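Please open the structure in your viewer and keep the selection tool at hand. The tour below goes from one selection to the next and says what is there.

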Amino acid sequence: MKRKVSMILGFLVMLFIVITPNPIVNAEETSDSSIHSLYQEAIEAGKVDVNKYSYNAFQENYNLVKKDYDIWKNTIGQDLTYNQWFGDIANYGAFPDGEGHAPSEKKTGNLLQASQTTNGEKLKNAIQKGDILIISSGGFGHAAIATSDNYILEMSGGGNILNWAAFKISNNNNQFSKHNWIFGVKEQGVKSSKHINNWIQLWRIPDKSMANRCANYADKTFWNSQQKYTKNRYIDYRVTGATTTLNPNYCSKLIFQAYYYGSGSASVIQPSMVGLSFISPSALPNVFTGKYTPYKVGTY
(Lines give C-alpha, C1' and ligand atoms only; values in the text may rest on other atoms or scores of the structure.)
Protein backbone atom coordinates (compact mmCIF):
# COMPACT_ATOMS: atom_id res chain seq x y z
CA MET A 1 0.00 0.00 0.00
CA LYS A 2 1.42 3.34 -0.94
CA ARG A 3 2.68 5.69 1.79
CA LYS A 4 0.70 8.81 2.62
CA VAL A 5 3.11 11.12 3.02
CA SER A 6 1.68 33.20 4.15
CA MET A 7 2.10 35.31 4.80
CA ILE A 8 3.11 37.61 1.96
CA LEU A 9 6.09 39.83 2.45
CA GLY A 10 5.61 43.21 0.94
CA PHE A 11 8.56 45.02 -0.44
CA LEU A 12 9.33 48.64 -1.30
CA VAL A 13 10.24 49.56 -4.83
CA MET A 14 12.67 52.46 -4.57
CA LEU A 15 13.05 54.99 -7.34
CA PHE A 16 16.48 56.54 -7.62
CA ILE A 17 16.68 59.85 -9.38
CA VAL A 18 19.89 59.98 -11.37
CA ILE A 19 20.99 63.18 -12.99
CA THR A 20 23.24 61.71 -15.68
CA PRO A 21 21.79 59.24 -18.17
CA ASN A 22 24.72 56.79 -18.32
CA PRO A 23 24.07 54.97 -15.02
CA ILE A 24 20.45 54.34 -16.06
CA VAL A 25 21.54 52.82 -19.38
CA ASN A 26 24.11 50.65 -17.62
CA ALA A 27 21.54 49.41 -15.11
CA GLU A 28 19.20 48.39 -17.90
CA GLU A 29 22.00 46.65 -19.75
CA THR A 30 22.98 44.75 -16.60
CA SER A 31 19.40 43.64 -16.03
CA ASP A 32 18.95 42.50 -19.62
CA SER A 33 22.30 40.74 -19.52
CA SER A 34 21.33 38.84 -16.38
CA ILE A 35 18.05 37.66 -17.86
CA HIS A 36 19.77 36.68 -21.10
CA SER A 37 22.33 34.65 -19.16
CA LEU A 38 19.51 32.83 -17.40
CA TYR A 39 17.87 32.19 -20.78
CA GLN A 40 21.09 30.59 -22.01
CA GLU A 41 21.33 28.49 -18.86
CA ALA A 42 17.78 27.26 -19.37
CA ILE A 43 18.58 26.31 -22.98
CA GLU A 44 21.70 24.42 -21.91
CA ALA A 45 19.71 22.60 -19.22
CA GLY A 46 17.18 21.47 -21.83
CA LYS A 47 14.35 23.39 -20.18
CA VAL A 48 13.95 25.89 -23.01
CA ASP A 49 13.85 25.17 -26.74
CA VAL A 50 15.32 28.19 -28.48
CA ASN A 51 13.27 27.39 -31.59
CA LYS A 52 10.00 27.37 -29.65
CA TYR A 53 10.57 29.96 -26.93
CA SER A 54 11.96 33.35 -27.92
CA TYR A 55 14.12 35.46 -25.67
CA ASN A 56 11.57 38.30 -25.79
CA ALA A 57 8.85 35.95 -24.50
CA PHE A 58 11.23 34.59 -21.85
CA GLN A 59 12.05 38.11 -20.69
CA GLU A 60 8.37 39.06 -20.49
CA ASN A 61 7.57 35.97 -18.44
CA TYR A 62 10.59 36.55 -16.19
CA ASN A 63 9.27 39.98 -15.23
CA LEU A 64 5.65 38.77 -15.02
CA VAL A 65 6.34 35.86 -12.67
CA LYS A 66 8.03 38.14 -10.11
CA LYS A 67 4.61 38.96 -8.70
CA ASP A 68 3.98 35.27 -8.04
CA TYR A 69 7.37 34.92 -6.37
CA ASP A 70 6.66 37.81 -4.02
CA ILE A 71 3.39 36.15 -3.05
CA TRP A 72 4.56 32.55 -2.76
CA LYS A 73 8.23 32.65 -1.74
CA ASN A 74 7.42 31.95 1.91
CA THR A 75 5.07 29.08 1.06
CA ILE A 76 6.51 27.43 -2.05
CA GLY A 77 10.21 27.20 -2.75
CA GLN A 78 11.41 28.77 0.47
CA ASP A 79 15.04 29.95 0.50
CA LEU A 80 15.24 30.06 -3.30
CA THR A 81 16.48 33.19 -5.03
CA TYR A 82 14.15 34.58 -7.66
CA ASN A 83 16.23 33.14 -10.51
CA GLN A 84 16.15 29.72 -8.85
CA TRP A 85 12.43 30.03 -8.18
CA PHE A 86 11.72 31.05 -11.78
CA GLY A 87 13.52 27.93 -12.95
CA ASP A 88 12.57 25.33 -10.35
CA ILE A 89 9.01 26.37 -9.55
CA ALA A 90 7.82 28.20 -12.69
CA ASN A 91 9.91 26.05 -15.09
CA TYR A 92 11.16 29.28 -16.74
CA GLY A 93 7.61 29.94 -17.96
CA ALA A 94 8.00 27.02 -20.39
CA PHE A 95 5.86 24.05 -21.28
CA PRO A 96 7.35 20.64 -20.42
CA ASP A 97 8.95 20.28 -23.87
CA GLY A 98 10.68 23.67 -23.75
CA GLU A 99 8.09 25.52 -25.79
CA GLY A 100 7.13 28.86 -24.29
CA HIS A 101 4.94 31.86 -24.94
CA ALA A 102 4.35 35.19 -23.26
CA PRO A 103 0.81 36.44 -22.63
CA SER A 104 1.32 39.21 -25.19
CA GLU A 105 2.13 36.73 -27.96
CA LYS A 106 -0.60 36.10 -30.47
CA LYS A 107 -1.41 32.58 -31.56
CA THR A 108 0.25 32.67 -34.97
CA GLY A 109 2.34 30.21 -36.89
CA ASN A 110 2.08 26.49 -37.57
CA LEU A 111 -1.26 24.99 -36.50
CA LEU A 112 -2.18 28.21 -34.75
CA GLN A 113 -2.75 30.18 -37.94
CA ALA A 114 -6.31 28.92 -37.89
CA SER A 115 -9.12 30.79 -36.20
CA GLN A 116 -9.63 30.34 -32.48
CA THR A 117 -12.78 28.31 -33.16
CA THR A 118 -11.00 26.00 -35.60
CA ASN A 119 -8.10 25.59 -33.21
CA GLY A 120 -10.45 24.80 -30.34
CA GLU A 121 -12.27 22.23 -32.44
CA LYS A 122 -8.95 20.54 -33.24
CA LEU A 123 -8.21 20.29 -29.54
CA LYS A 124 -11.71 18.98 -28.80
CA ASN A 125 -11.35 16.25 -31.40
CA ALA A 126 -7.91 15.26 -30.09
CA ILE A 127 -8.82 14.83 -26.39
CA GLN A 128 -9.00 11.30 -25.04
CA LYS A 129 -9.78 9.87 -21.63
CA GLY A 130 -6.86 10.27 -19.23
CA ASP A 131 -5.22 13.09 -21.19
CA ILE A 132 -3.45 15.87 -19.29
CA LEU A 133 -4.09 19.44 -20.41
CA ILE A 134 -1.49 22.05 -19.49
CA ILE A 135 -2.37 25.72 -19.93
CA SER A 136 0.17 28.54 -20.13
CA SER A 137 -1.16 31.90 -19.00
CA GLY A 138 1.88 33.37 -17.25
CA GLY A 139 3.01 32.41 -13.76
CA PHE A 140 2.21 28.88 -12.62
CA GLY A 141 -0.16 28.11 -15.45
CA HIS A 142 -2.98 25.59 -15.05
CA ALA A 143 -3.73 21.91 -15.60
CA ALA A 144 -6.76 19.66 -16.03
CA ILE A 145 -7.52 16.00 -16.77
CA ALA A 146 -9.94 14.33 -19.17
CA THR A 147 -12.07 11.95 -17.08
CA SER A 148 -13.64 10.58 -20.25
CA ASP A 149 -13.41 11.22 -23.97
CA ASN A 150 -15.97 13.99 -23.43
CA TYR A 151 -15.40 15.58 -20.00
CA ILE A 152 -12.66 17.65 -18.36
CA LEU A 153 -12.12 17.83 -14.59
CA GLU A 154 -10.20 20.61 -12.86
CA MET A 155 -9.66 22.60 -9.72
CA SER A 156 -10.65 25.93 -11.22
CA GLY A 157 -8.92 28.26 -8.77
CA GLY A 158 -9.95 31.87 -9.16
CA GLY A 159 -10.35 34.71 -6.73
CA ASN A 160 -7.40 36.53 -5.19
CA ILE A 161 -4.14 34.60 -5.58
CA LEU A 162 -2.98 36.17 -2.32
CA ASN A 163 -5.46 33.95 -0.49
CA TRP A 164 -4.61 30.63 -2.14
CA ALA A 165 -2.27 29.49 0.62
CA ALA A 166 -3.75 31.31 3.62
CA PHE A 167 -7.41 30.54 2.91
CA LYS A 168 -9.44 28.16 0.79
CA ILE A 169 -11.90 28.42 -2.07
CA SER A 170 -14.80 26.18 -1.09
CA ASN A 171 -16.26 23.64 -3.49
CA ASN A 172 -13.84 24.45 -6.30
CA ASN A 173 -13.70 21.15 -8.22
CA ASN A 174 -15.54 21.46 -11.52
CA GLN A 175 -16.24 19.27 -14.51
CA PHE A 176 -17.29 20.47 -17.96
CA SER A 177 -17.89 18.93 -21.33
CA LYS A 178 -14.73 19.42 -23.33
CA HIS A 179 -16.51 21.92 -25.59
CA ASN A 180 -17.65 24.03 -22.63
CA TRP A 181 -14.22 23.82 -20.99
CA ILE A 182 -12.42 24.91 -24.14
CA PHE A 183 -14.78 27.73 -25.12
CA GLY A 184 -15.86 29.01 -21.70
CA VAL A 185 -19.49 27.91 -21.48
CA LYS A 186 -21.56 27.55 -18.31
CA GLU A 187 -22.43 24.05 -17.12
CA GLN A 188 -24.15 22.85 -13.94
CA GLY A 189 -24.28 26.42 -12.66
CA VAL A 190 -20.57 27.14 -13.12
CA LYS A 191 -18.96 29.02 -15.99
CA SER A 192 -15.72 27.65 -17.32
CA SER A 193 -12.84 29.94 -18.21
CA LYS A 194 -12.38 30.30 -21.96
CA HIS A 195 -9.21 28.24 -21.96
CA ILE A 196 -8.64 28.48 -25.71
CA ASN A 197 -7.69 32.13 -25.13
CA ASN A 198 -4.42 30.77 -23.74
CA TRP A 199 -1.83 28.35 -25.08
CA ILE A 200 -2.74 24.72 -24.32
CA GLN A 201 -0.68 21.57 -24.63
CA LEU A 202 -2.19 18.08 -24.64
CA TRP A 203 -0.18 15.25 -23.07
CA ARG A 204 -0.96 11.52 -23.07
CA ILE A 205 0.57 8.49 -21.39
CA PRO A 206 1.25 5.63 -23.84
CA ASP A 207 -0.67 3.01 -21.82
CA LYS A 208 -4.35 3.52 -22.69
CA SER A 209 -5.58 1.03 -20.10
CA MET A 210 -3.70 2.81 -17.31
CA ALA A 211 -4.91 6.20 -18.56
CA ASN A 212 -8.51 4.96 -18.33
CA ARG A 213 -7.94 3.52 -14.87
CA CYS A 214 -6.49 6.73 -13.46
CA ALA A 215 -9.15 8.87 -15.14
CA ASN A 216 -11.80 6.71 -13.46
CA TYR A 217 -10.09 7.26 -10.11
CA ALA A 218 -10.10 11.03 -10.67
CA ASP A 219 -13.78 10.99 -11.60
CA LYS A 220 -14.82 8.89 -8.57
CA THR A 221 -12.59 10.71 -6.08
CA PHE A 222 -12.90 14.29 -7.21
CA TRP A 223 -16.32 14.47 -8.88
CA ASN A 224 -18.91 11.74 -8.29
CA SER A 225 -18.40 8.58 -6.27
CA GLN A 226 -20.47 6.61 -8.78
CA GLN A 227 -19.05 8.39 -11.83
CA LYS A 228 -22.33 10.08 -12.62
CA TYR A 229 -22.93 13.49 -14.19
CA THR A 230 -23.89 15.45 -11.05
CA LYS A 231 -21.25 16.28 -8.46
CA ASN A 232 -21.32 14.63 -5.03
CA ARG A 233 -17.66 15.26 -4.11
CA TYR A 234 -16.85 18.74 -2.84
CA ILE A 235 -13.17 19.66 -2.89
CA ASP A 236 -11.76 22.95 -1.61
CA TYR A 237 -9.00 24.79 -3.41
CA ARG A 238 -5.92 25.61 -1.42
CA VAL A 239 -2.21 25.42 -2.20
CA THR A 240 -0.65 23.40 0.59
CA GLY A 241 2.83 22.04 1.16
CA ALA A 242 2.04 18.36 0.61
CA THR A 243 1.19 16.28 -2.46
CA THR A 244 -0.75 13.52 -0.68
CA THR A 245 -3.79 15.22 0.88
CA LEU A 246 -6.93 14.87 -1.22
CA ASN A 247 -8.82 17.83 0.25
CA PRO A 248 -7.94 20.68 -0.09
CA ASN A 249 -6.36 20.38 -3.50
CA TYR A 250 -5.19 22.37 -6.52
CA CYS A 251 -5.04 21.80 -10.28
CA SER A 252 -1.76 19.95 -10.87
CA LYS A 253 -1.86 18.17 -7.52
CA LEU A 254 -5.21 16.58 -8.42
CA ILE A 255 -3.70 15.14 -11.61
CA PHE A 256 -0.62 13.93 -9.75
CA GLN A 257 -2.86 12.10 -7.29
CA ALA A 258 -5.05 10.63 -10.02
CA TYR A 259 -2.02 8.91 -11.50
CA TYR A 260 -0.37 8.10 -8.18
CA TYR A 261 -3.31 6.68 -6.24
CA GLY A 262 -5.30 5.62 -9.27
CA SER A 263 -2.53 3.38 -10.59
CA GLY A 264 -2.73 1.04 -7.60
CA SER A 265 0.43 -1.01 -7.16
CA ALA A 266 1.82 -0.09 -10.58
CA SER A 267 4.85 2.18 -10.55
CA VAL A 268 3.47 5.03 -12.66
CA ILE A 269 4.72 8.00 -10.63
CA GLN A 270 8.34 8.14 -9.49
CA PRO A 271 8.33 7.33 -5.74
CA SER A 272 10.78 10.17 -5.02
CA MET A 273 8.23 12.68 -6.31
CA VAL A 274 5.72 11.92 -3.56
CA GLY A 275 7.69 13.98 -1.06
CA LEU A 276 7.63 17.13 -3.17
CA SER A 277 6.09 20.17 -1.53
CA PHE A 278 4.60 21.49 -4.77
CA ILE A 279 3.82 20.13 -8.23
CA SER A 280 3.66 22.77 -10.95
CA PRO A 281 1.53 22.12 -14.06
CA SER A 282 4.56 22.17 -16.37
CA ALA A 283 6.36 19.59 -14.20
CA LEU A 284 3.65 16.93 -14.50
CA PRO A 285 5.09 14.95 -17.45
CA ASN A 286 8.42 14.74 -15.61
CA VAL A 287 7.10 12.90 -12.53
CA PHE A 288 6.18 9.71 -14.39
CA THR A 289 8.33 6.59 -14.65
CA GLY A 290 9.86 5.55 -17.96
CA LYS A 291 7.24 3.51 -19.81
CA TYR A 292 4.40 5.69 -18.54
CA THR A 293 6.04 9.03 -19.41
CA PRO A 294 3.49 11.17 -21.27
CA TYR A 295 4.15 12.35 -24.80
CA LYS A 296 2.92 15.60 -26.30
CA VAL A 297 -0.03 15.26 -28.65
CA GLY A 298 0.07 18.90 -29.71
CA THR A 299 -0.07 22.60 -28.89
CA TYR A 300 -3.36 24.45 -29.40
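Select lysine 168, which at 52% relative accessibility counts as exposed, where exposed means over 50% relative accessible area, buried under 20% and partly exposed in between (1.4 Å probe, protein chains only). This is a predicted model, in which local features need pLDDT of at least 70 and side-chain atom pairs count only at pLDDT 80 or more, while totals for chains, interfaces and linings use all residues. Residues are numbered from 1 along each chain as its sequence is written, and side-chain values use heavy atoms, with hydrogens and water left out.

Next, select arginine 204 and aspartate 131, both of them buried, whose side chains meet in a salt bridge at 2.8 Å, N to O. Arginine 204 lies in strand β7 and aspartate 131 in the loop between α4 and β1, so the pair ties together parts that are 73 residues apart in sequence; helices (H or I, at least four residues) and strands (E, at least two) are DSSP runs, numbered from the N terminus.

Then move to aspartate 97 and lysine 296, which form a salt bridge with their closest N and O atoms 2.7 Å apart. Aspartate 97 is partly exposed at 22% relative accessibility, and lysine 296 is partly exposed at 27%.

Technical notes:
A salt bridge is a side-chain nitrogen of Lys or Arg within 4 Å of a carboxyl oxygen of Asp or Glu.
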